[in-house]
Amino acid sequence: MDALDQRLAQSAVQACEACFGAQIAPEHIQLQQTRKEFEGDRTVVVFPLTRHSKSSPEETGVALGQWLVANDELIKAYQVVKGFLNLTIVPVYWTEQLLRTHNLDAFGIQKKGSRSKVMVEYSSPNTNKPLHLGHLRNNFLGYSVARILEAAGHEVIKVQIINDRGIHICKSMVAWQMFGEGETPDSAGLKGDKLVGKYYVAFDRAFKEEVAELLVQGMDESDAKKQAPILLKAHALLHQWEQGNSEVVELWKTMNGWVYDGFEETYSEMGVDFDKLYYESDTYLLGKDQVAAGLGSGVFFKKEDGSVWIDLSDEGLDEKLLLRNDGTAVYMTQDIGTAITRYSDFPGLERQVYTVGNEQEYHFKVLFTILMKLGVEGAKNNHHLSYGMVELPEGKMKSREGTVVDADDLLEEMANTAEEMANELGKIDDLTEEEKATLFKQVGYGALKYFLLKVSPTKSMMFDPKASIDFIGNTAPFIQFNYVRAASMLAKCADADIDMRITSIDASVWDADELRLIQQTLMWPSIVELAAEHYDPSLVANHVYDLTKAFSRWYQDHPVLGEENVSLREARIALTQSVAHQIRIAMGLLGIEMPKRM
RNA sequence: GGUUCCGUAGCUCAACUGGAUAGAGCAUCUGCCUUCUAAGCAGACGGUUUUGGGUUCGAGUCCCAACGGAAUCACCA
């Protein structure tokens, strides 16, 4: 609720008092944006007030409307339609608000650190294969939420936990030892993550062949899948790694290093980054102490075989394992340890946000519950930013079946499509090759980011590679295009020696479309607020699209440069500045850049 | 089987968390470039919000049931 709504609610309370002698709390006044088919700017829903007025909704609305117009100078007129009291605000108010905000980058953006310190975790890949479409949604979402929380005033620490140890990387290592012949990213001309992924696939192929062989020899299937020699070798490697065998650790470091180089390249293309990296090889033993402490305090219990559990049946969950009977850690153990470590790494941390797919909802429910039971201050503030899967027309992505959409390939394809489109339109032929390359990435990557961010995170979504992503309609290129038009028009005004520092505007020049457009820009602070509260970039995406769409309509038949009436021209310049600013800032929160030309 | 989430135009998604005649884009069709960038604008077409009950001034939104889909319930991560 913005300042105007608060003011109107206050006035409405007074009106109820004056008209009906009723005491009503301001928060019980229902205010909303007037729908565009009706005259007015803000609407009071009067149905709930009829029990105070003891008259019909229409009569109630009229009584309140008359009082408000007479007693609040911000309210110019009222109309009652059924049970809705539509109020028209004086244009001077909107004009003042526009003047206050139109050149303000910080409009709607809270001062950094004015709110608590929060951590946002995202990406968190395994190191045995390249990033794919699912990671793209995860990364864009996590990064954008981090930016949004920052805009809402939080100090934000972006982290990932890299899953660098375990059987998966050992599989790639075994395959490389067996078939690699010393191949490196340089010698193969492959990105490091792609090379390691190639050996993960090679492992799987060899594994399947060996299983088939064992089946022929008469072994039953489940045994064959456990006994395949290459799998036993991978397990042996894992064991040796845990023993600290220097040769194995060396190979592990080398291959992970290749992967990190590859990931770094992809992250850099994607435009995401991190403030601190956590590695599972550093954290996987953490948490045992916490489990021991919890055992001592009776939060956990030990079964006869020595394994440690927690009983969460009171919370509607069930029993959960925390330590195996051989004393080794499981995922949950590690996550408890990591969570607690992060509080000491970043004193004053108020909450942790985990950007992880919805298949792990149960895990995080359990994790947060355990942390609370262990008495971790603030664990109740933690949030699992759960998002739905990205599905292909043929269903879920499966790496084994080769239906994975590779992140690098997709990014490249997006830039190529942007290039084709631009060449067809032929508006940027005078740009240098370098400028063009930048532009194609801004547009192509922007289209992809917007596509993935405009839908609510919780929903699973469809991605059809063959249909590809649109560059027209409700897309980032549409928004970028309108930004470019606005920027270009403002540049032409400046070239024409028009003074661009608008400091006063005659409020009588506006038409209804323009007043409405101003109001749309003024919604921005509450959009940022709402998006931060719900960890939801789609609210930002939808707002900036609606704003851009309205601007595009307005642009069509509201000339600026050629407008002879100086006060009208100045007013329109200020309005254009306001919209262009907001588009750039809002898209920035989605990680999408604005080109200068397109 | 238990728990959780979801079901809105042919397709992909919205709907300010209970308010007015459910909105955009794509696709299809019709207009608009001598005018600040047509990746645009205007218009047409498209809906029993899966179904059936209930709650109330008022339901896509809340409650119950059915149907359909997804995830999860591992000494996996």
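Modeller: The C-alpha centres of domain 1 and domain 3 lie 35 Å apart. This is a predicted model: local features need pLDDT of at least 70, side-chain atom pairs count only at pLDDT 80 or more, and totals for chains, interfaces and linings use all residues. Residues are numbered from 1 along each chain as its sequence is written, while chains are lettered from A and ligands numbered from 1 in the order in which they are written.

Colleague: Which residues does each domain of chain A cover?

Modeller: In chain A, domain 1 is 3-89, domain 2 is 166-276 and domain 3 is 408-589. Those bounds come from an automatic or database domain assignment.

Colleague: OK, the RNA. Which residues come nearest to RNA strand B?

Modeller: Arg324, Ser456, Met461, Gly473 and Phe481 come nearest, out of 74 residues around RNA strand B. Near here means that the C-beta atom, placed from the backbone, lies within 6 Å of the strand.

Colleague: And which element gives the most to that surface?

Modeller: Helix H18 (476-495), which gives 8 residues, the most to the surface near RNA strand B. Other elements giving two or more residues include strand S1 (31-33), strand S2 (42-45), strand S4 (84-89) and helix H21 (537-557). Helices (H or I, at least four residues) and strands (E, at least two) are DSSP runs, numbered from the N terminus.

Colleague: You mentioned S1, S2 and S4. How do they pair?

Modeller: S1 and S2 pair in the antiparallel sense over 3 bridges, and 4 bridges join S2 to S4, again antiparallel. Two strands count as paired if DSSP finds at least two bridges between them. Thr43 in S2 stands opposite Gln32, and its bridge partner in S4 is Asn86.

Colleague: Switching to helices. At what angle do H1 and H3 pack?

Modeller: Helix H1 (residues 3-20) and helix H3 (residues 57-71) pack at about 115°, with their axes 9 Å apart. Axes are lines fitted to C-alpha atoms, for helices over the stretch in contact, and angles run from 0 to 180 degrees between N-to-C directions. On the H1 side the contact is made by Ser11, Ala12, Ala15, Ala18 and Cys19, and on the H3 side by Ala63, Leu64, Trp67 and Leu68. Contact means C-beta atoms, placed from the backbone, within 7 Å. The residues there divide into 8 nonpolar, 1 polar and no charged.

Colleague: And what about H6 with H10?

Modeller: Helix H6 (residues 167-179) and helix H10 (residues 229-243) also pack at about 115°, with axes 8 Å apart. Among the residues that meet are Cys170 and Val174 in H6, and Leu237 and Trp241 in H10. That contact has 9 nonpolar residues, no polar and 2 charged.

Colleague: Now the sheets. What order do the strands take in the parallel one?

Modeller: It's an open sheet of 5 strands, in the order S7-S6-S5-S11-S12. The edge strands are S7 (276-279) and S12 (383-387), each pairing on one side only. Strand S11 (residues 349-357) and S12 share 5 bridges in the parallel sense, and Thr355 stands opposite Leu385 in S12. Helix H5 (residues 133-151) packs on this sheet, touching S5, S6, S11 and S12.

Colleague: What's the pairing in the sheet with S8, S9 and S10?

Modeller: Antiparallel, with the 3 strands in the order S8-S9-S10 in an open sheet. S8 (301-302) and S10 (319-323) stand at the edges with a single partner strand each, so one side of each is left without a neighbour in the sheet. Phe301 has Trp309 in S9 as its bridge partner. Helix H13 (residues 288-296) lies across S8, S9 and S10, running at about 125° to S10.

How values were computed
Contact = placed C-beta atoms within 7 Å. Nonpolar A, V, L, I, M, F, W, Y, C, P; charged D, E, K, R; others polar.
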